[in-house]
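Please look over the sequence and the 3D structure shown here before reading the report that goes with them.

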Amino acid sequence: MQSPNPLRPLWQTYLLFLAPMVLSNFLQSMSGTVNSIYIGQMLGVQALAAVSGMFPIVFFFIALVIGLGAGAGVLIGQAWGARETHLVKAIAGATLLLGGLIGLTAAVLGSVFARSALVGLGTPADVLDDAVAYAHVMLWIMPSLLVFVLFTQLLRGVSDTLSPLLALIVSTGVGLALTPALIRGWLWLPPMGIQSAAWAGLAGNLLAMGLLAWRLLNKGHPLAPDREFFAAMKLDMAILGKVLRIGLPTGLQMVVLSLSELVILALVNQHGSQATAAYGAVTQIVNYVQFPALSIAITASILGAQAIGAGRLERMGPILKTGLLINVCLTGSLVVLGYLLSHWLLGSFLTEEATRTLAEHLLHIMLWSLLVFGFQAIIGGIMRASGTVMVPVAISIFCVLCVQLPAAYLLDAKFGLQGVWMAFPVAYLGMLALQTLYYKLVWQHQKIERLV
């Protein structure tokens, strides 16, 4: 791995970092979408509704690990920019161990309370049993999933986005090949029904992690799982304190977002299983646009952290401006494609015409606002690179709890189901306005120093 070349134009540095990450996110989204197509086409709309109802619960646990990864990524970026490899290993080892413990907790507690949680969300009665069956498998494979997600985040802290991409190619390929085989019981495999995608995902993750370990060891990678790396896997509270200082607010933000999705899902569920299936379909399309926007924000944060570690503070402004411009080009293009191809994309995994029409209408209401979401995420990412997280996170939480959710309830009462989707643009515009004000009036006037 090499630190970014200060002589290379920033847009090239962004694209070299971004391209594998965006492809990785594309693979993740494609995997979810194709699995939804398998389930929708081979098992029906009710099965798709059951799987869709589980998504916010899975995201709740993933959000905690994403927060850890964000905190560790900033520290690793700064340590890598300062060329302190031993510190990179120490940060990664401590963070990965904590992530594994979160996965085990999720598996135990989540599986015990899965039915109660789904009932509390108002999951339609006609899909409840299938949703619980799917939830049990998803939660028991959570440790491997969370470790995989976290490790790929840590690799990006040392500017390695290619290794996570290669691992995802393996994971996705195995998962997509096994899912239909398990649904139908092909190749002498037992038919697993609605649980097929979860079991196939587990097989793909385990194989991908094995091959990833082999690749990193052969390359002498700074995060290769060698003896020194495993020795660093201890709950070092001095390091974890710094990780959690950044990661906990970020994780809290992700948790609040996931809880807001639970509230949104509960509102949607009141409109019946057709609305729930439409929600799942819209979520798939939104992921294709939102994840690349988040990738730009992550890139801005990592490049900013490495600049701080290297003592190149003059690069912070150009890193932000370049990220915003790339958001216009990349996210903007995906938004346009989403509008142009929405009918075909949604129809590929929704077989009922009425459900597809409903989903398309809902998607059109909020898709444009993902460009705004990207802008505010990039501004927050730059501030996170310096360890400034409390106020940006507070802004996001405020806009979700005090803007989006009240707006969703009020607009749902006035406009019905489409009103729920109208609340997303309202919240994103509020986030952008407040993040920009804080960046301009406060953050730009603060002294920036290394955290490690």
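Predicted model: local features only at pLDDT ≥ 70, side-chain atom pairs only at ≥ 80, totals over all residues.

**Helix pairs**

Two packed helices are described by the angle between their axes and by the distance between those axes. The table sets out these values for two pairs.

| Pair | Residues | Axes come within | Crossing angle |
|---|---|---|---|
| α8 and α9 | 162-184 and 196-219 | 7 Å | roughly 150° |
| α12 and α15 | 273-309 and 369-385 | 8 Å | roughly 20° |

For helix α8 and helix α9, the axes cross at roughly 150°, and since an angle over 145 degrees counts as roughly antiparallel, α8 and α9 are therefore roughly antiparallel to each other. The crossing of α8 and α9 is right-handed, and when the residues of the contact between these helices are sorted by class, 17 are nonpolar, seven are polar and one is charged.

For helix α12 and helix α15, the axes cross at roughly 20°, and because angles under 35 degrees count as roughly parallel, α12 and α15 are roughly parallel to each other. The crossing of α12 with α15 is right-handed.

**Salt bridges**

How many salt bridges does the count come to? The count comes to four salt bridges, and one that can be examined here is formed by the side chains of Lys89 and Asp226, with a distance of 3.9 Å from N to O. This pair links distant parts of the chain, since Lys89 lies in helix α4 and Asp226 lies in the loop between α9 and α10, 137 residues apart.

Note on methods
Residues numbered from 1 in each chain as written. Heavy atoms only, no water. Axes fitted to C-alpha atoms, helices over the stretch in contact; angles between N-to-C directions. Helix = DSSP H or I, 4+ residues; strand = E, 2+ residues; numbered from the N terminus. Parallel < 35°, antiparallel > 145°, perpendicular 65-115°, else oblique. Left-handed = near helix turned anticlockwise from the far one by under 90°. Nonpolar A, V, L, I, M, F, W, Y, C, P; charged D, E, K, R; others polar.
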